Protein chains: 2
Amino acid sequence: VEKRELLYEGKTKQVFATDNQNFRIFAFKDEATAFNGLKKGKISGKGVINNKISSILMRVLEREGVPTHFVKEISDREQIVKAVSIMPIEVLVRNVAAGTLSKRLGLPEGAKLSSTVYEYCYKNNDLGDPLINTSHVVALGLATEEELKLMLKIAGKINDVLSACLKKINVDLIDFKLEFGKTIDGTIIVADEITPDTCRFWDSVTRSKLDIDRFRKDLGGVEEAYNEIFNRLQSL
Amino acid sequence: VEKRELLYEGKTKQVFATDNQNFRIFAFKDEATAFNGLKKGKISGKGVINNKISSILMRVLEREGVPTHFVKEISDREQIVKAVSIMPIEVLVRNVAAGTLSKRLGLPEGAKLSSTVYEYCYKNNDLGDPLINTSHVVALGLATEEELKLMLKIAGKINDVLSACLKKINVDLIDFKLEFGKTIDGTIIVADEITPDTCRFWDSVTRSKLDIDRFRKDLGGVEEAYNEIFNRLQSL
């Protein structure tokens, strides 16, 4: 697979075409953003670390039968992924109250949810990625009800697999964001990345944040947190 | 049934106890509010008109087999209703884009939705009655999934019944808000009111607004709009 033209420059990744229409190349950047792009910065070495973390976690998922876009790492910052058209819906999975959920429902950060919360957000920067529900998705034609059900089922499986895996390295999976894509043959698979940019990881004992919230909230020790997650994952 | 002490003073209604614990008395006020109580005013005669409109529409629903709290009108501003504990979830039903849906999804006001949109909002003034979904409802313990399904089914039936009824008087039912309550024996029934305060009614031909949006948006002719709806309903 040979790298070709830049298809898309995102906030934290570049996406390149390859000489094979079934594959693309992701290049992870050090840029970090928060609050729908209002806050911008860099986390030194993040691109390299996130490339490795997402590769590890996508491999864990594949091993457990979850279909993902991941193919292989090809350099420090780059990985080959399957070409997909991204579904315009983010799926958020929440085990513990934090972030926008805490604010929306008035729940203290860290409150265990009595059952897993699943949220859909409409991927639309101008609208601020608003929370939507199944009937919005169907009325807007963003996906069919069957596609949503499949995405929800995959999201639940991922929550089970990753929570168990992270528990072994003393990390609690507080919440995470998933993106899905449709391959050329129409199959829905997990796309994008699974990293401290897209998950909340808390140390199981100290409850210390090991994710992008350190950047969002100016807590310091951002690089160290990303490294800590990577180091623990390597010990798996 | 005799009126007893004031149980609750809401933005637009007073709720009184009666000498029978199964019944309460609603007294409709002329006060109007918008934007979660930020805008306040009076619509002269609204209390009388809304008492009559809600009575007519609740009777239409009862006739079609929808269980409601309505018992009978007893004066210009008052009606007897069944005593319920109000469910902490508002159900919004939308046929055409308007209001917060237009804003949330970037849809022009008046755009026909390709399928009916159902929304749940958590009744919590401090949080601004946020949009929530089934998994939030369950995690917060606001209702069971079965109760939600029943509420949704009733909401769909009400949409069918009221849309058809209003069509006869040249009114389009754009969207509406429902509240549900549990009776002493645990049955879920429609509560609160169904009026131009809680529905968007548009003239089918001119698309003129015949509801609280005239107050919200300072369009003038507010009293006339409420009267117009009442007059047309009387011709049914």
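Which rotation superposes chain A on chain B? A rotation of 180° does so, with 0.0 Å of shift along its axis and an RMSD of 0.0 Å, where copies are superposed by least squares on the C-alpha atoms of residues with pLDDT of at least 70 in both. The two copies are thus related as by a two-fold rotation axis. Within chain A, the residue that comes closest to this axis is A:Asn133, at 3.2 Å by its C-alpha.

A word on conventions. This is a predicted model, in which local features need pLDDT of at least 70 and side-chain atom pairs count only at pLDDT 80 or more, while totals for chains, interfaces and linings use all residues. Residues are numbered from 1 along each chain as its sequence is written, chains are lettered from A in the order in which they are written, and side-chain values use heavy atoms, with hydrogens and water left out.

I turn to the cysteines. How many disulfides are there over all chains? The count is 0, a disulfide being a pair of cysteine sulfur atoms within 2.5 Å. For A:Cys121, the nearest cysteine sulfur is that of A:Cys199, 15 Å away. The sulfur of A:Cys165 lies 11 Å from its closest counterpart, also in A:Cys199, which is too far for a bond. A:Cys121 is buried at 9% relative accessible area, and A:Cys165 is buried at 7%; buried means under 20% relative accessible area, with a 1.4 Å probe and protein chains only.

Technical notes. Buried means under 20% relative accessible area, exposed over 50%, partly exposed in between (1.4 Å probe, protein chains only).
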